[in-house]
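Welcome, and thanks for taking a look at this one with me. Here are some notes to read alongside the structure.

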Amino acid sequence: MASLQLTLLGGFQARIGSGPALPLSTRKAQALLAYLALPAGQAHPRDKLATLLWGESAEGPARTSLRQALFALRRALPAGGVRVEGDAVALDPATVEVDVAAFERGIAEGTPAALEAAVPLYRGDLLAGLSVEGTGGFEEWLLGERERLRELALEGLAKLLAHQRTAGAAEAAIQTGLTLLTLDPLQEPVHRALMRLYAEAGRRGAALRQYQACVAVLGRELGVEPEAETQQLYQELLRRRDEAPSSRTEPQQAHQELTRRAMPRARSEAVITETPLIGRGGELATLRDALGEARAGHGRAVAILGEAGVGKSRLLAEVAADARERGSHVLVGRSYESAQILPFGPWVETFRTGGLIAEEIVLSGLSPIWRAELARLFPELAGPGLPA
């Protein structure tokens, strides 16, 4: 005989084997079945069940509603699925398979194979979307069970992430880390793990964006900055050029190095290929005037303000293209509100992108003292003979 298949994580679904969903038309009948299934086989007194789900009613009507719900369950479930022993009610564990039970077993076992099978079973909160009015006792039980199972999911994902990192399964580990952060985006160690995984896979940009996401969520939810370890990791990533994964051959690494050296010019030229700028004539004229004054030795700062998506970056790209056509050297850096704890970050990116830090012509004119000062932001400048 086919058993009752109960899916309770992420919603409610009940079916016999692979058949259609059971016709449990009332939410309280669904709630009763879920409660009896966690765990299946445990007996519950009728008074307890009546109070749990019909506590807003008097004792008589509550018991009547319970009998009607049990009658509906007996009709829908396999024969013998609902056991009544005296004044107690239980589900026969031999006739029911519950995703929660399989999930808990896999997490408790803790092996990589068991975790890989268990983690996908957690599709969301227990009985997500099931709201039963007038059931204070049931709602209290449900909230507690949701939190318990959510913590188990976090534990299982963390264990699986550790196993995958040890085994060198980088892509699988990245997906596990992202899933973990959807459940708890405040887990800073997971943000760090993802930053390292992205960097090891040669995805430096993704690693830096992960840091930005970490800064944003910690600031928004807790009003705090990332831990020193996270900030240090971010600084290490900023100091790196895009690195090839270790599995690449030497010719491939050499090709990437040549591409890296050519990147500043390629980025500079890329902005000229965009479509013509339309509707910003006044702003463009103002910026071109400021550019002319700067070329004449009267440089000043200009702020371009506006909501996201109105074309600030496009306007700046047009001015940068004008500057290059006039023979000016343009350096471009980007800053983010969420990275304000690193006030010199945009300047570090700007000089690295422009290749100025690697040019000995520029560095040769600096005294050892000033070069040592720059080494605080650009550790690659540090070397023997520089003052500490």
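1. A definition to begin with: axes are lines fitted to C-alpha atoms, for helices over the stretch in contact, and angles run from 0 to 180 degrees between N-to-C directions. Please keep in mind that this is a predicted model.

2. How do helix 6 and helix 7 cross? Their axes come within 9 Å, and the crossing is at roughly 160°. Angles over 145 degrees count as roughly antiparallel, which makes helix 6 roughly antiparallel to helix 7. The crossing in which helix 6 passes helix 7 is left-handed.

3. Now for the residues at that contact. Helix 6 brings Arg-150, Ala-153, Leu-154, Leu-157, Ala-158, Leu-160, Leu-161, Gln-164 and Arg-165, and these meet Ala-172, Ala-173, Thr-176, Gly-177, Thr-179, Leu-180 and Leu-183 of helix 7. Sorted by class, the contact of helix 6 with helix 7 has 10 nonpolar, four polar and two charged residues.

4. Helix 7 itself covers residues 170–183. Buried residues in helix 7 are Ala-173, Ile-174, Thr-176, Gly-177, Leu-180, Leu-181 and Leu-183. Their cover includes helix 6 (136–167), helix 8 (188–200) and helix 9 (204–221).

5. Helix 8 is worth a look next. It has 13 residues and reaches 18 Å from first C-alpha to last, close to the 18 Å expected at 1.5 Å a residue. Helix 8 is mostly covered, with 10 of its 13 residues buried. Among them are the charged residues Glu-188 and Arg-192, along with His-191, Met-195 and Tyr-198. What covers the buried residues of helix 8 includes helix 6, helix 7, helix 9 and helix 10 (228–239). Just after helix 8, Gly-202 has a positive phi of about 80°.

6. Finally, take a look at another helix pair. At what angle do helix 1 and helix 3 pack? Helix 1 (residues 27–36) and helix 3 (residues 59–76) pack at about 75°, and their axes are 10 Å apart. Angles of 65 to 115 degrees count as roughly perpendicular, so helix 1 is roughly perpendicular to helix 3. Ala-29, Leu-32, Leu-33 and Leu-36 in helix 1 meet Leu-66, Ala-69, Leu-70 and Leu-73 in helix 3. By class, this contact of helix 1 with helix 3 has eight nonpolar residues, no polar ones and no charged ones.

Notes: Residues numbered from 1 in each chain as written. Predicted model: local features only at pLDDT ≥ 70, side-chain atom pairs only at ≥ 80, totals over all residues. Heavy atoms only, no water. Helix = DSSP H or I, 4+ residues; strand = E, 2+ residues; numbered from the N terminus. Parallel < 35°, antiparallel > 145°, perpendicular 65-115°, else oblique. Contact = heavy atoms within 4.5 Å. Expected span 1.5 Å × (residues − 1). Buried < 20%, exposed > 50% of the residue type's maximum accessible area, 1.4 Å probe, protein only. Left-handed = near helix turned anticlockwise from the far one by under 90°.
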